[in-house]
Each structure stands twice: as structure tokens, then as C-alpha cells.
Amino acid sequence: MKTAGGSDAAKRRAGERAAEDVADGFVVGLGTGSTTAHVIRALGRAVDDGLEIRGIPTSFQSRQLALEVGIELTDLDAVDGLDLAIDGADRVVDDPDAAAHGALIKGGGAAHAREKLVDAAADRFVVVADPSKLTTRLERSVPVAVLPDAHTVVADRIRDLGGEPTLRDAGEKDGPVVTDNGNLVLDCAFGAIDDPDELAARLSAIPGVVEHGLFVGMADATYVGTDDGVEVRRY
């Protein structure tokens, strides 16, 4: 489920600052969500001004917006590498003294499987966020994409780990949310997550799990849009 909060102006500042990191000739991972939409629009304006880039979208939503603003698209298997990925987050650990500093929860838009693939493939991964996404400890439920036939089995295994899974319902149709890859999503509440790295490994080991929304040790920086400008966290 998506995270509410944060002004559109703050999101726009973060997105436009991240777009400035894109240089001519880059292959860019295009994340999903309201903040990343500002990145894509800013890149579209730069393309209109002569910037030559290729984008790899992480969802149908980001693909459609990129096409709308004139960004040339490609695929991971058609390029030698990915220079930069820019993506949003539902939660970002913002505590320099914590081992989990910079860890993320993603998946509010149910695109986290492809997002993780693209973000991990990039030479550099930048997060765009507003202050409402910052936290000192991850406590939000973790989205877990699962094979449809496996959702009850995976739910049982998650309960064994101390989590409480809930099958995500669709908002505009009867039945569950179905991802772009044809999977279902379990939103799994674990309370305060003291060791996201360990939980990430345990979730990944469950048969039937396609991908989970814990992004640990992946981000190189977070650009936080504020009322006054942009604050940069580097990891």
C-alpha cells in the first residue's frame, strides 16, 4: 500500500535534483511512484533540450510516462550496463548511528520486484523522497510479491517468522492486487524491524517468494526534498 504524506513541492525538488545527475549517453533506471514521476518529467524536459539517454522503466506506469515525455526506452538485456537508477521509497532509515542507515522499504506500488532488479543492476542507485518517508527504524509492513499458487504457503512461513501477512486487495476491482509480473502481494507486519538484513535473507529463502520490499545496503544516496531545498544523505 502506498505511503501518504509529503508535499508535491518537496517531491518535485527531490526528483528534479536527482535528474541533474543524469549525463548525456546514460542508461537510466526509471522508478515508480509520485516522486519518481517528477524525475521522469524533468528528464523529458532535458531530452527536449538535447539530452540523449535511454531509460529502463520499472513498471507500466513509469513506462507510459516516459513514453509520454519522449524518453527512449530499452531493456536490461539490450544494454551493457546501467549507469544510474532513480527510485522512490516508502520508508528510509535516517540514522547515521544505525547499522541499517539507508535501508529502505519499498513496494507500496507493488513494483518492487522489477525495481530491485533494476536498482541492483545500476552502477549507482539514488533514492528520492520527502521528509515523511524518513524514520529511525523500519516499522512499516513489508510488501512480499509471491507466486499466486504459493500465497497461502508463504503466508504460513511468514507467520513462522513472527510476521502477520495480509493479502493486498485491489482498490478499483474485486479481488487482490496483481503485479505487472502476474504475482500477488502480501503486506507483512513484523513490528519494529531491528535487523532488516537478517529478515531480508529469511524472506528471500522462502519458496514461492518472488521478491520482498526490503532494500538493504543498496542505496548510494537519498535526496530529500524539503520546503527550502534538497538535503542529501550519502551512504
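Buried here means under 20% relative accessible area. Keep that cut-off in mind for Val-144, which sits at 0% relative accessibility and so counts as buried. The model behind all of these close-ups is a predicted one.

**View 1**
Val-144 belongs to strand β9, which runs over residues 142–146. Along the chain Leu-186 is 42 residues from Val-144, but the two C-alpha atoms are separated by 5.1 Å.

**View 1. Ile-158 in helix α5.**
Ile-158 is part of helix α5, residues 151–160. Its relative accessibility is 0%, so Ile-158 counts as buried. With neighbours within four places in sequence left aside, the contacts of Ile-158 are Val-144, Gly-163, Pro-165, Leu-186, Cys-188, Phe-190, Leu-203 and Ile-206. For a sense of scale, take Arg-12: its C-alpha is 37 Å from that of Ile-158, and the two are 146 residues apart in sequence.

Zoom in on Ile-71 and, apart from residues up to four places away in sequence, you find it touching Ile-40, Leu-43, Gly-44, Val-47, Ile-53, Gly-55 and Ala-66.

**View 2. Helix α2 against helix α3.**
The axes of α2 and α3 are 9 Å apart and the helices pack at an angle of about 25°. That angle makes α2 roughly parallel to α3. Their crossing is right-handed. On the α2 side the contact is made by Ala-37, Ile-40 and Arg-41, and on the α3 side by Ser-62, Leu-65 and Ala-66. By type, the residues of this contact come out as 4 nonpolar, 1 polar and 1 charged.

**View 3. Helix α1 against helix α2.**
Now for the other partner of α2: the axes of α1 and α2 come within 8 Å and cross at roughly 50°. The two helices are therefore oblique to each other. The crossing of α1 and α2 is right-handed. From α1, the residues at the contact are Asp-8, Lys-11, Arg-12, Ala-14, Gly-15, Glu-16 and Ala-19, and they meet Ser-34, Thr-35, His-38, Val-39, Ala-42, Leu-43 and Arg-45 of α2.

Most residues other than glycine have a negative phi. Ala-110, not a glycine, has a positive phi of about 60°. Ala-110 lies in the loop between β6 (104–105) and α4 (112–121). With 13% relative accessibility, Ala-110 counts as buried. Asn-183 is also a loop residue, placed between β10 (164–167) and β11 (184–189). Asn-183 has a relative accessible area of 6% and is therefore buried. Beyond its neighbours within four places in sequence, Asn-183 is in contact with Val-146, Leu-147, Pro-148, Val-177, Val-178 and Val-210.

**View 4. Phe-215 in strand β13.**
Strand β13 covers residues 214–215, and Phe-215 is in it. Phe-215 is buried, its relative accessible area being 0%. Skipping neighbours within four places in sequence, Phe-215 is in contact with Gly-102, Ala-103, Leu-104, Lys-106, His-112, Glu-115, Lys-116, Asp-119 and Phe-125. The C-alpha of Val-154, 61 residues away along the chain, is separated from that of Phe-215 by 20 Å.

Notes
Residues are numbered from 1 along each chain as its sequence is written. This is a predicted model: local features need pLDDT of at least 70, side-chain atom pairs count only at pLDDT 80 or more; totals for chains, interfaces and linings use all residues. Side-chain values use heavy atoms; hydrogens and water are left out. Contact means heavy atoms within 4.5 Å. Axes are lines fitted to C-alpha atoms, for helices over the stretch in contact, and angles run from 0 to 180 degrees between N-to-C directions. Helices (H or I, at least four residues) and strands (E, at least two) are DSSP runs, numbered from the N terminus. Angles under 35 degrees count as roughly parallel, over 145 as roughly antiparallel, 65 to 115 as roughly perpendicular and the rest as oblique. A crossing is left-handed if the near helix is turned anticlockwise from the far one by less than a right angle, and right-handed if clockwise. Ala, Val, Leu, Ile, Met, Phe, Trp, Tyr, Cys and Pro count as nonpolar, Asp, Glu, Lys and Arg as charged, and the others, Gly among them, as polar. Buried means under 20% relative accessible area, exposed over 50%, partly exposed in between (1.4 Å probe, protein chains only).
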